[in-house]
Amino acid sequence: KELAERATTRLFSPGEVIVKQGDESAELFIILRGEVVVVYETEKTATEIARLAAGKFFGEMALVTGEKRKASVRAARECELLVIDHGAFKSILDETPAIVEQLSQILADRQLALDEHAALATEGDRASVVKEQSSLLLQRIRSWFAISK
């Protein structure tokens, strides 16, 4: 509830770019209404990674680690998004630091899904990589938000 009170809402039209791959920003988006398309771009191709609808979220990596956007996201149809920025999220983490560990596991799994080698990984490999990535992300999140163990 506190996080929602600190968030803002934004509207996007069909086809409008919400975030661009490579951009720097520290915002998380929660889809309240509509649908978005997540696209990974190379010099030669643009590959649709996912379609996300109401209740889903994106932009968590940029919010919690300060990394540049790893994919572009555009509105597939009219969207209403709840936007949570770094400051709002930090205040919640300061109050409930245990969230960081759960979040790091989710982020590690999503990061692996974007990796071009994810399709070739066995389930055992995937679990091992997610665990390792989760640990690294946990350290980065704690550092970015200045959270002690």
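The model is predicted, so local features need pLDDT of at least 70 and side-chain atom pairs 80 or more, while totals for chains, interfaces and linings use all residues. Residues count from 1 along each chain as its sequence is written, and side-chain values use heavy atoms, without hydrogens or water.

Start by selecting Phe-29 and Phe-58, a stacked aromatic pair with 5.0 Å between centres and 10° between planes. (Rings of Phe, Tyr and Trp, the last by its six-membered ring, pair with centres within 6.5 Å; planes under 30 degrees apart are stacked, over 60 edge-to-face, the rest tilted.) The structure holds one such pair. Phe-29 sits in strand β3 (27–33) and Phe-58 in β6 (57–58), so the pair ties together parts 29 residues apart in sequence. (Strands are DSSP E runs of at least two residues, and helices H or I runs of at least four, numbered from the N terminus.)

Next, show strand β7 (72–75), which pairs antiparallel with β2 (17–19) over two bridges. (Pairing takes at least two DSSP bridges.) Look for Val-19 with its bridge partner Val-73. Strand β4 (35–41) also runs antiparallel to β7, with four bridges; here Val-39 stands opposite Ser-72.

Now select Val-64, Ile-84, Phe-89, Leu-107 and Phe-145, which touch the most other members of the largest nonpolar core, 21 residues in total. (A core joins buried Ala, Val, Leu, Ile, Met, Phe, Trp, Tyr and Cys through side-chain atoms within 4.5 Å; buried is under 20% relative accessible area, exposed over 50%, partly exposed in between, with a 1.4 Å probe and protein chains only.) A second, separate core of 15 residues includes Ile-18, Val-38, Phe-58 and Val-83.
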